[in-house]
Amino acid sequence: MISFESPTNHKKLNDWIKQMAALCQPDKIAWIDGSEHQKLILEKEALVSGEIIQLNPEKLPGCFLHRSRPDDVARTEHLTFICTRKKCDAGPNNNWMSPKNAYAKARKYFKGAMQGRIMYVIPFSMGPVGSPFSKIGVELTDSIYVVLNMLIMTRVGSDVLKQLGPEGEFTRCLHSKSDLDINKRLILHFPEDNTIWSVGSGYGGNVLLGKKCMSLRIAGYLGRKEGWLAEHMLIMGIEEPNGHIEYIAGAFPSACGKTNMAMLIPPQGLQKKGYRVWTVGDDISWMRIDSDGWLWAINPEAGFFGVAPGTNSKSNSNMVKTIQKNTIYTNVLLKPDKTVWWEGADGEAPQQGIDWQGRLWKPGMKDEQGNAIKGAHPNSRFTTPIANCPSASFRLEQHHGVPVSAIIFGARRAHLAPLVYESFNWQHGVFVAATMASELTAAQVGKVGQVRRDPMAMLPFCGYNMADYFRHWLRMGKGMMHPPRIFHVNWFRADDKGNFLWPGYGENLRVLEWILDRCNNKVEAIKTPIGFVPNPLDVDMTGLSMQDGALEKLLEIDRKAWVEELKSIKEFFKQFGKALPKELWQEYESLQERLKSQ
Ligand code: GTP
Ligand code: SPV
Ligand code: MN
């Protein structure tokens, strides 16, 4: 058996590491201490092994490029499992395996998988170390890429072990890239054991186990037990000129605009109003009811793992500034000057470069089917510290988080969903969120563009039965004196030719302004069968020219299409059987009534 020196006297942790090492058989065990010194050594090793490529040190200091396997570029939802003793506890929307079978199957893949490799031990905290919101995890991995990413995305190192003490609770996260074989890939969650096993992948959401696996699937399970929420949400603050800041949390499915909104830059036309936007988080929000009766939120992460394509100085100049240093780029195009490029980056496409698969690339190249070959993968990403971001909130390290005034659910839908509407109350808001649907993007393996129901943007991330999750949401609403108001937005409504009707990005502030006015009872709204929509005159359009009637079109409710939508909502609800809270059927019937009668 491999022996190792441990910096902690946490017996359970040390025993677990011993067991996992006996299974994976690494040559060596190395503890990650979070120091700059150790990070530099790891970077050197990864450069030598070719796992990362050094980028131009003058133009992009501390930045690296990594290429993953072509079949390992997005989360593989069909290989992701919730392993509870009872199948019904995973619910109809999760893949399920019994813990016994899952451990047995994965054990075969893990066996000896780390031979000739080092097993890195990463103690990490999701949330500021020591905050009552925070949770500790320990990830064991044979990938330096994972270590380097975790150093950016989470708080790693010795102070985490100190916080953990000799007996503290932690999530056991085991990862091996093994031979990166998609046929031997599994992402397994054991909520009843506070354990995650991931094997056969090297891609972000599959392997940075503090992110979706722990902070949503496992944390969601814990949150239900302990009375809090773990959500796929950005958190942003909007500061008025008088210095007052209001916080909004927003759930959008993957690659539907959370990162962009979290660091939005006010559009020209609204600039004289003097708003400033502060970024708390772009992907995950943990929320608790405080003694003041408000919902408070923290971002458990310390970095952004953002979508590269489409990121430019116009769409997101804060992010462009953020990713100039200490950033890991994954699956983007490498330019001859050792900088990077992607579709929708600033400037022209380079004359040539090395594409995300490591092949020579020139603009205009086509594949056998005649489709343009992309320089960067559509789900190429960057990993970068939040601290780099010019709009990073000063409340980031506060153990208390921020109070949430409004929760926004956003979907990508060419039709149906209007630009914005407000729910009538919390229960109706939970119905709106539970029935949201969105088009698939490149962030999932699957058919891009297809509409699927994605409740709370959590379909792939809910670690237990979604019917129980809806019930938990309903119960949370009852526990608050000042529940946030719930809204739905859609930046992606399109005309018949498929062109977006709304300019989006910074211009979205116009909608957020209306949302905050609603929260502060400053503006009336129009009651429709689906909720309150703005009177078009109440959306400040200063400096934004749109075609006559475009805003009206964006806010239009197509009653017939909504009646159609009811059918698919019914189908969706029916799969939960008796487990679905009756309040949601009540809301369904009320909506049906309103669509008929008004
Ligand atoms: P994950 O990291 O996968 O959870 O995604 P995300 O929700 O943070 O998505 P992100 O902000 O990275 O946006 C993904 C894509 O949506 C990018 O291509 C953006 O350019 C595009 N996008 C973001 N905001 C808007 C918008 O307001 N309008 C339009 N049309 N596109 C947008
Ligand atoms: C998402 O897909 O929602 C992401 C990227 O934020 S990943 O970490 O891969 O889940
Ligand atoms: Mn996400």
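**Entry 1: a salt bridge.** I began with aspartate 71 and arginine 185, whose side chains meet in a salt bridge with an N to O distance of 4.0 Å, and I keep in mind that this is a predicted model. I then looked up where the two partners sit: aspartate 71 is in the loop between strand S3 (64–66) and strand S4 (80–82), and arginine 185 is in the loop between strand S9 (171–176) and strand S10 (186–190), so the pair ties together parts that are 114 residues apart in sequence. As a reminder to myself, side chains of opposite charge can pair when their charged atoms come close. The 4.0 Å distance has to be read against a cut-off of within 4 Å for nitrogen to carboxyl oxygen. By this rule I get a count of 33 salt bridges.

**Entry 2: domains.** I noted the division of the protein chain into domain 1 (11–51 + 76–226), domain 2 (231–302 + 396–597) and domain 3 (304–388). For domain 2 and domain 3, I find the C-alpha centres 29 Å apart, with 16 residues of domain 2 in contact with 12 residues of domain 3.

**Entry 3: the interface of domain 2 and domain 3.** I looked up the buried area, which comes to about 1,100 Å² between domain 2 and domain 3, with 63% of it on carbon and sulfur atoms. On the side of domain 2, Met263, Ala302 and Ala442 supply 38% of the area buried against domain 3, more than any other three residues. Between these two domains I count zero salt bridges, while the rule finds two residue pairs in polar contact across the interface, both at pLDDT 80 or more. Helix H8 (258–262) and strand S15 (276–281) each supply at least two residues of the side of domain 2 that touches domain 3, and by class that side has 10 nonpolar, four polar and two charged residues.

**Entry 4: ligand 1.** I find 21 residues surrounding ligand 1, the closest being Ala255, Lys258, Thr259, Arg381 and Tyr505. Going through the polar side-chain atoms, I recorded tyrosine 505 at 2.6 Å from an oxygen atom of the ligand, asparagine 508 at 3.0 Å from an oxygen atom of ligand 1, and aspartate 283, where an N or O atom of the side chain is 3.0 Å from an oxygen atom of ligand 1.

**Entry 5: ligand 2.** Which residues are closest to ligand 2? I find Arg75, Tyr203, Gly205, Lys212 and Ser254, out of 12 residues that surround it. An N or O atom in the side chain of arginine 75 is 2.9 Å from an oxygen atom of ligand 2, and a polar side-chain atom of tyrosine 203 lies 2.9 Å from an oxygen atom of this ligand.

Note on methods: Residues numbered from 1 in each chain as written. Chains lettered and ligands numbered in written order. Predicted model: local features only at pLDDT ≥ 70, side-chain atom pairs only at ≥ 80, totals over all residues. Heavy atoms only, no water. Domains from an automatic or database assignment. Contact = heavy atoms within 4.5 Å. Buried area = accessible area lost by both parts, 1.4 Å probe. Polar contact = N/O pair within 3.5 Å; in protein donor to acceptor, adjacent residues only side chain to side chain. Helix = DSSP H or I, 4+ residues; strand = E, 2+ residues; numbered from the N terminus. Nonpolar A, V, L, I, M, F, W, Y, C, P; charged D, E, K, R; others polar. Near = heavy atom within 4 Å.
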